[in-house]
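Here is a short report on a protein chain. Look over the sequence and the model first, then read on.

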Amino acid sequence: TATLSWTASTSSPTNGYDVYYSTTNTAPLAGTTPSVNNHSASPLNLTGLTSASTYYWWVRSDCGAEASTWAVGGSFTTSCNPTNVPYLENFESAIVPALPNCTASQNAGTGNNWKTITSFTGYTGKLMSYSYNSSSAANAWFYTQGINLVADTAYTISYNYGNATGATQYPEKMKVAVGTSAVNSAMTTELVDHNNITGGTTLSSSVNYTPSVSGVYYFGFNVYSL
């Protein structure tokens with residue numbers, strides 16, 4: 001769903017407002033059929049949209065015999081529906097430095113944020129990266145898309161990680177947790193704590209999780225400093 005709003009015209013149009021929206025950023029023409037016509041006033045609530053999609057929209061006054069030119073409304077991106085297992089995120093769909101669609105990040109401290117990069121020495125392909133901040137401690141979270149899990153079912157979470165510097169005098173720290181919302185306060189179950197990550201090579205880890213209640217769960221990766 002989405003709610004669109006705009007500044008009303010100085011005089012009330014006879015037939016209200018026409019709205020046109022599309023996942024293609026191509027402005028409508030005068031003769032384009034509106035997606036919604038004769039809407040009484042701002043705002044307009046839209047339903048039945050496609051999840052995880054970016055929409056563009058325009059609005060015009062409809063005076064019956066004639067209509068105004070289309071005014072650009074802007075764009076919005078719908079939220080993501082939860083997905084089912086198996087779930088894979090390899091970051092290749094990300095537009096660097098943004099996160100992949102349907103994932104999220106949170107900076108719970110004063111350091112840097114997670115971002116995607118195209119490559120790094122010792123690693124191949126796109127990956128999620130946290131850059132060291134010399135003046136502010138790290139407390140950054142990366143969250144997966146919401147995943148439907150079934151109660152009393154054992155799941156395995158596998159991922160690759162590493163320390164890009166490879167220097168033993170600069171160990172890095174990352175926790176992996178799970179919760180029912182993509183926010184650190186909801187990450188109530190810690191699965192593993194990698195508190196001494198060294199070596200400039202890719203490491204692999206697998207941890208198990210069995211939820212007691214069926215629902216949507218998010219897995220969080222928290223890089224932190226003491």
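Where is proline 97 found? Proline 97 sits in the loop between β6 and β7. Strands here are DSSP runs (E, at least two residues), and helices are runs of H or I with at least four residues, numbered from the N terminus.

This is a predicted model, in which local features need pLDDT of at least 70, side-chain atom pairs count only at pLDDT 80 or more, and totals for chains, interfaces and linings use all residues. Residues are numbered from 1 along each chain as its sequence is written, and side-chain values use heavy atoms, without hydrogens and water.

**Overall build**

The protein chain has 0 helices and 16 strands. Its radius of gyration is 23 Å, well over the 17 Å that the globule rule gives for 226 residues, so the chain is more spread out than a compact globule. That radius is taken over C-alpha atoms, and the rule is 2.2 Å times the number of residues to the power 0.38. The C-alpha atoms fill a box of roughly 75 × 40 × 30 Å along the principal axes.

Of the 226 residues, 36% count as buried. Buried means under 20% relative accessible area, exposed over 50%, and partly exposed in between (1.4 Å probe, protein chains only).

**Strand β2 and its partners**

Strand β2 covers residues 17–22 and is mostly covered, with 5 of its 6 residues buried. Two strands pair if DSSP finds at least two bridges between them. β2 pairs with β3 (residues 36–39) in the antiparallel sense, over 2 bridges. Within this pairing, valine 19 stands opposite valine 36 of β3. β2 also runs antiparallel to β5 (residues 54–61), joined by 6 bridges. There, serine 22 has tyrosine 56 of β5 as its bridge partner.

Most residues other than glycine have a negative phi, and most peptide bonds are trans.

| Residue | Phi | Relative accessibility |
|---|---|---|
| Asparagine 38 | near 60° | 42%, partly exposed |
| Cysteine 102 | near 80° | 21%, partly exposed |

Asparagine 38 belongs to strand β3. Cysteine 102 lies in the loop between β6 and β7.

That loop also holds proline 86, with β6 at 71–77 and β7 at 104–107. The peptide bond from valine 85 to proline 86 is cis, with omega near 0°. Valine 96 and proline 97 are likewise joined by a cis peptide bond, with omega about 5°.
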